[in-house]
Amino acid sequence: MNARIFHIVDVFAETKFTGNQLAVCLNAGDLTDEQMQSIDKEMHFSATTFIASENQPNGGYDVRIFTPQDDVPFAGHPALGTAYVIKRGILQEPVEQVILNLTVGQIPVTFTYDGGEADILWMQQKEATFGQQLDPKNMAEVLGLKPADLDERFPVEEVSTGLPHIVVPLKTLKRVRRIQVARDKYFALIEQQWAKSILVFCPETYQPQNQVNVRVFAAYYAVPEDPATGSGNGCLAGYLLKHHYWGSNQIDVRSEQGYEIDRPSLLLLQAQESDGQIAVAVGGKVIPIAKGEFI
């Protein structure tokens, strides 16, 4: 394998060493799937992305996303972090938008700036689609909770904006913190489900300026708990809008995640419905951490 440059960034982070870690490998078009999977395992992050080249076929950059288990068609923090590295490491100038050609399709990422530096990045996710509604009692057993811990006003439901998640509404932060996933019951559940990740949320938060607290469990992808999940929070935004969680036909909220595993993260969620379709955008900051070279 030839020498190649990689960047490490923290995504959905307010300060260094928070948010979700991401490694981004440049000029990776000649790597095999096996080599990309090996690099991701070496980095030991929840995801590593690989930019094929500095060229833009079909108006965007070809990008692959690998978790420690396999490649995935879409993921949120890899999309934002990769767009940031393209702007910083390839284009090296301010741009309004970077388009990523992912397996799920083209994902546009737009930039806002503060004092000439990239501030909030926004990704327009795929239209929210909804799958099965699951048995709350069974889900409570998977999470090590009681059925009464779930908010019975809203369903346990599969949602996707590019990568499906099971969205689970809980009543309080105390209940969110008490979760202990039963691995055997988790794997038995997802064997029959479209979605393989579980996102739980509640309206109580650690930080008063935020509106929702989130945890995401994705052992299927070799990520027992994820500190910041852009794909999952996109699903949550669509879910909140569909079920009129706050009685509104528009979502514009701050979502906190990762506090329980000492990687506090902030994700900005927007959703709106038009002609029966729910459009979702997820935003956040990206902070550069390191740059290196595989030899």
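**Notebook: pocket, cavity, salt bridges**

I began with the lining of the largest pocket and sorted it by class: 7 nonpolar, 4 polar and 5 charged residues. A reminder to myself that this is a predicted model.

I then looked up who sits in that lining. It has 16 residues, and His44, Phe45, Ser46, Ala222 and Val223 lie nearest the pocket's centre. Strand S2 (20–25), helix H1 (33–43) and strand S14 (223–226) are the elements that give two or more residues each. S14 gives the most, with 4 residues. For the space in this pocket I noted about 230 Å³.

Next I checked for cavities. The count is 1 cavity of 30 Å³ or more, and the largest cavity holds about 210 Å³ of space. I found 22 residues lining the largest cavity, with Thr67, Ala75, Leu163, Asp226 and Thr229 closest to its centre. At least two lining residues each come from H2, strand S13 (212–218), S14 and helix H6 (230–242). H2 has the largest share, 3 residues. By class I wrote down 12 nonpolar, 9 polar and 1 charged for this lining.

While on H2 (residues 76–91), I stopped at Lys87, which is found in that helix.

Then I turned to the salt bridges, 13 in the structure. I picked out a few.

- Arg4 and Asp30 meet at 3.1 Å, N to O. Arg4 is in strand S1 (residues 4–11) and Asp30 in the loop between S2 and H1, so the pair ties together parts 26 residues apart in sequence. I have Arg4 as buried at 5% relative accessibility and Asp30 as partly exposed at 47%.
- Asp33 and Arg64 have their closest N and O atoms 3.2 Å apart. Asp33 lies in helix H1 and Arg64 in strand S4 (residues 61–66), so this pair ties together parts 31 residues apart in sequence. Asp33 is partly exposed at 38%, and Arg64 is partly exposed at 25%.
- Asp149 and Arg178 meet at 3.0 Å, N to O. I noted Asp149 as buried at 4% relative accessibility, while Arg178 is partly exposed at 38%.

Last entry: salt bridges that share partners join Asp33, Arg64 and Asp71 into one network.

Key. Residues are numbered from 1 along each chain as its sequence is written. This is a predicted model: local features need pLDDT of at least 70, side-chain atom pairs count only at pLDDT 80 or more; totals for chains, interfaces and linings use all residues. Side-chain values use heavy atoms; hydrogens and water are left out. On a 1 Å grid over the protein atoms alone, a cavity is a set of points where a 1.4 Å probe fits but cannot get out, and a pocket is an open set with protein on both sides within 12 Å along at least five of seven lines; lining residues have an atom within 4 Å of a point. Grid points are joined across faces, edges and corners, and a volume is the space filled by probe spheres set on the points. Ala, Val, Leu, Ile, Met, Phe, Trp, Tyr, Cys and Pro count as nonpolar, Asp, Glu, Lys and Arg as charged, and the others, Gly among them, as polar. A salt bridge is a side-chain nitrogen of Lys or Arg within 4 Å of a carboxyl oxygen of Asp or Glu. Buried means under 20% relative accessible area, exposed over 50%, partly exposed in between (1.4 Å probe, protein chains only).
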